[in-house]
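This report covers strand pairing, the nonpolar core and model confidence. The structure is shown first.

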Amino acid sequence: MPYINTVLKCPCCGAAELIADSRDLPHTYKGKSTVVAAVQGNFCPACGEVVLSRSSGDRYGEKIGQFQQLVDEAERERSFRGRT
Ligand SMILES: [Zn+2]
């Protein structure tokens, strides 16, 4: 996801003006879903592209990383148990 500080047009579709907002962003990893609450960014009303500010992008990435780690750990545990 690109980091842009002054956003006017959507970098994805270029059609619409982005709307600065704070929203809950869903994320899916290996079939598991989570929601990162109150992510601040600029949202495209046309195509749904999200441009995050640097700080919220870092926070979002961190949450996603933690979630993926949990999913990976649960998966390891399952396959471990399956073998015994
Ligand atoms: Zn767009």
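## Strands and hairpins

P26 stands opposite V35 in β2. The model is predicted: local features need pLDDT of at least 70, side-chain atom pairs count only at pLDDT 80 or more, and totals for chains, interfaces and linings use all residues. Residues are numbered from 1 along each chain as its sequence is written.

Strand β1 (residues 19-29) pairs with β2 in the antiparallel sense over 10 bridges. Strands here are DSSP runs (E, at least two residues), numbered from the N terminus, and two of them pair if DSSP finds at least two bridges between them. The hairpin of β1 and β2 has two residues between the strands, and K30 takes a positive phi near 50° there.

The pairing of β2 with β3 is also antiparallel, over three bridges. F43 has V50 in β3 as its bridge partner. Six residues lie between the strands of this hairpin, in which G48 takes a positive phi near 85°.

## Nonpolar core

The largest nonpolar core has seven residues: C10, L18, V39, C44, V51, L52 and Y60. Such a core is a set of buried Ala, Val, Leu, Ile, Met, Phe, Trp, Tyr and Cys residues joined through C-beta atoms within 7 Å; buried means that 20 or more other C-beta atoms, placed from the backbone, lie within 10 Å of the residue's own.

Beyond neighbours within four places in sequence, V39 is in contact (C-beta atoms, placed from the backbone, within 7 Å) with S22, R23, L25, L52, S56 and Y60.

## Confidence

The protein chain has a mean pLDDT (the predictor's confidence in each residue, from 0 to 100) of 89, and 88% of its residues reach 70 or more.

Definitions and conventions
Buried ≥ 20, exposed ≤ 12 C-beta atoms within 10 Å, placed from the backbone. Contact = placed C-beta atoms within 7 Å. Helix = DSSP H or I, 4+ residues; strand = E, 2+ residues; numbered from the N terminus.
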